[in-house]
Amino acid sequence: MKNYTAQTGATLTLDNNGERTTVDLYSREGLDLLSNLWIKSATQHRMMYEPTWLGRPVIQFPTDIVAIQELIWNLRPDVIIETGVAHGGSLVLSASILELIGKGKVIGVDIEIRPHNRAAIEAHPLKHRIELLEGSSISSETIDAVRASVGNAQTVLVFLDSNHTEAHVLEELELYGKLVTLGSYIVAHDGAQAWVWDIPRGVPDWKESHPLGAINKFMKSHPEFSHDPHWTRFGITCSPEGWLKKIA
Ligand SMILES: C[S@@+](CC[C@H](N)C(=O)[O-])C[C@H]1O[C@@H](n2cnc3c(N)ncnc32)[C@H](O)[C@@H]1O
């Protein structure tokens with residue numbers, strides 16, 4: 001790793017094909033610019049695929065993993081619903097905090113749970129806190145099964161991390177928002193897709209369709225939810241504006 005000398009008064013200049021932005025490195029603006037550029041560059045280098053939690057890959061930035069741990073520890077939920085299982089790392093992360101708290105379960109929903117991922121999750125020491133449901137997160141069969149599993153749980157927390165189109169996330173917010181209990185949260189992950197369409201490996205469609213668009217639409221008609229910036233205070237996140245608290 002390399003260290004760059006950057007003393008008081010140092011500035012940071014972003015040259016975007018000739019369009020220049022210069023800020024004081026040690027100002028708040030400097031930190032915001034660095035954080036935003038870190039998100040772009042780290043996504044280019046696929047850094048969200050690096051972390052693992054208790055042996056399973058979890059597709060998140062480390063700062064979001066810390067925030068997820070803080071949120072679960074503070075809320076002490078009875079049920080955590082997660083759409084988007086992939087390798088199961090985010091389920092194991094949630095299950096591990098619930099295990100330390102001493103109660104609760106995680107319901108993981110995915111349209112396709114690959115056999116090797118299912119086998120690894122089922123062999124994990126925390127499997128007793130995890131339920132797997134295969135199906136589209138927005139199908140009526142899945143929602144019915146999730147509702148039945150949630151039952152009368154007192155505190156329900158939801159993480160949305162499946163299909164990241166605006167239409168899909170909006171539908172998930174409408175369906176799963178109803179299951180969130182007062183004082184708890186629905187976290188819509190990967191709003192930063194809106195910020196990385198412009199990187200070399202970015203996808204032009206991400207500019208138009210992303211979880212952030214869904215969150216903005218949902219929030220206009222759902223005053224019972226409030227955006228809580230506490231959980232993205234590190235500045236480095238896959239999920240800007242995505243941590244929504246049920247306040248009424
Ligand atoms: C980004 S990965 C999930 C990452 C995981 N939450 C983590 O943090 O490690 C997205 C997952 O969503 C699943 N998925 C895609 N469309 C879906 C849908 N309509 N319903 C449920 N899951 C879906 C994919 O199969 C994939 O496993």
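The following legends describe close-up views of a predicted model. Local features are given only at pLDDT of at least 70 and side-chain atom pairs only at pLDDT 80 or more, whereas totals for chains, interfaces and linings use all residues. Residues are numbered from 1 along each chain as its sequence is written, and side-chain values use heavy atoms, with hydrogens and water left out.

**View A. Packing of helices α2 and α3.** Helix α2 (residues 62-75) packs against helix α3 (residues 89-101) at an angle of about 35°, and the axes are 10 Å apart. Helices (H or I, at least four residues) and strands (E, at least two) are DSSP runs, numbered from the N terminus. Axes are lines fitted to C-alpha atoms, for helices over the stretch in contact, with angles from 0 to 180 degrees between N-to-C directions. In α2, the residues I65, I68, Q69, I72 and W73 meet L93, S94, I97, L98, L100 and I101 of α3; contact means heavy atoms within 4.5 Å. By class, this contact has nine nonpolar, two polar and no charged residues. Here Ala, Val, Leu, Ile, Met, Phe, Trp, Tyr, Cys and Pro count as nonpolar, Asp, Glu, Lys and Arg as charged, and the others, Gly among them, as polar.

**View B. The largest nonpolar core.** This core has 28 residues, and L71, I72, L157 and F159 have the most contacts inside it. A nonpolar core is a set of buried Ala, Val, Leu, Ile, Met, Phe, Trp, Tyr and Cys residues joined through side-chain atoms within 4.5 Å. Buried means under 20% relative accessible area, exposed over 50%, and partly exposed in between (1.4 Å probe, protein chains only). Two or more residues come from each of α2, α3, β7 (130-134), β8 (156-160) and β9 (185-188). Helix α3 gives the most, with seven residues. Leaving aside residues up to four places away in sequence, I72 touches P77, I80, S94, I97, L98, I101, L157 and F159.

**View C. The aromatic pair of W38 and F61.** The two rings are edge-to-face, at 5.0 Å centre to centre and with 75° between the planes. Rings of Phe, Tyr and Trp (its six-membered ring) pair if their centres lie within 6.5 Å; planes under 30 degrees apart count as stacked, over 60 as edge-to-face and the rest as tilted. W38 lies in helix α1 (residues 28-44) and F61 in the loop between β4 (56-57) and α2, so the pair ties together parts 23 residues apart in sequence. W38 is partly exposed, with a relative accessible area of 35%, whereas F61 is buried, at 1%.
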